[in-house]
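Reader: I am new to this structure and would like to understand the words used to describe it. Could you take me through them with care?

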Amino acid sequence: DSKLVQDTTSWIKQQRLEDGGWHWKPKKLLSEDVRSEAWISAGVFATLRITDEAEENYMESILEFLKRDWETRKWGDTPEVTLLCLGVAGFNKNNQMVRKAIELLKTNQLPNGAWLGYSAKTTTKGGVFRTCVILNALTSVGLGLYDASIVRSLKFTRSKLDKLVNAKWGGVLIQGLYSLTSALLQIGLIN
């Protein structure tokens, strides 16, 4: 229903913070010193782009926030989530901002093909769940089997498939399996 989309996107726009982005909590629940998060701002950008519910200047201003946030914070602790949202919005590896994020992620890839997990204290040899999310982000912007980082991450993930399938945390399991499935679909290994 287009009224539902219009009402929802209108509310989302009202949650925009002074710095030009969004926080994952509603504006009324935030203290004044809270800053926007790149990942949710990129998610808003993707939503507005897909629904065509914002003018070009408004969309450009969101991209300006994302560019500033990249330069100052490298999109925080989870640049892969921001990258994934930009992939959903139609951005690809040829975009300058996307290329910078790809390079950062590739630089941080461990020799075994993984990336540190979301709990670095327990996953210093690589976290299978985060590796799946990063694999999904990289493939969402157009990297494929020709890229060594993708091949290495697939090998690592395959070696940890038993851990992934037998995970005890429901949300992490779903996130990992969704991300892996999405990446495999994007690079054509499954259909």
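Author: Let us begin with burial: a residue is called buried under 20% relative accessible area, exposed over 50%, and partly exposed in between, with a 1.4 Å probe and protein chains only. This is a predicted model, in which local features need pLDDT of at least 70 and side-chain atom pairs count only at pLDDT 80 or more, while totals for chains, interfaces and linings use all residues. Residues are numbered from 1 along each chain as its sequence is written, and side-chain values use heavy atoms, with hydrogens and water left out.

Reader: Why does D69 count as buried?

Author: The relative accessibility of D69 is 4%, and because buried means under 20%, D69 counts as buried. Across the chain, buried residues make up 44% of the 191 residues.

Reader: What makes Q96 exposed rather than buried?

Author: Q96 has a relative accessible area of 53%, and since the word exposed applies over 50%, Q96 is exposed. Q96 has its place in helix α5, which covers residues 96–108; helices here are DSSP runs of H or I with at least four residues, strands are runs of E with at least two, and both are numbered from the N terminus. By these rules the chain has nine helices and zero strands.

Reader: What separates D69 and R73 along helix α3?

Author: About one helical turn separates them, because D69 and R73 are four residues apart in helix α3, residues 56–73. While D69 is buried at 4%, R73 is partly exposed, with a relative accessible area of 23%.

Reader: Which parts does the salt bridge of E71 and K100 tie together?

Author: The side chains of E71 and K100 meet at 3.1 Å, N to O. E71 lies in helix α3 and K100 in helix α5, so the pair ties together parts that are 29 residues apart in sequence. Both residues count as partly exposed, E71 at 49% relative accessibility and K100 at 34%.

Reader: Where do the partners D147 and K106 lie?

Author: Their side chains meet in a salt bridge of 2.6 Å, N to O. D147 lies in the loop between α6 (128–140) and α7 (148–159), and K106 lies in helix α5, so this pair ties together parts that are 41 residues apart in sequence. D147 is buried, with a relative accessible area of 8%, whereas K106 is partly exposed at 25%. Salt bridges that share partners also join E37, D69 and R73 into one network.

Reader: How do you know that the radius of gyration of the chain agrees with a compact globule?

Author: The radius is taken over C-alpha atoms, and the globule rule is 2.2 Å times the number of residues to the power 0.38. For 191 residues a compact globule would have a radius near 16 Å, and because the chain has 17 Å, the value agrees. The C-alpha trace spans about 45 × 35 × 35 Å along its principal axes.

Methods
A salt bridge is a side-chain nitrogen of Lys or Arg within 4 Å of a carboxyl oxygen of Asp or Glu.
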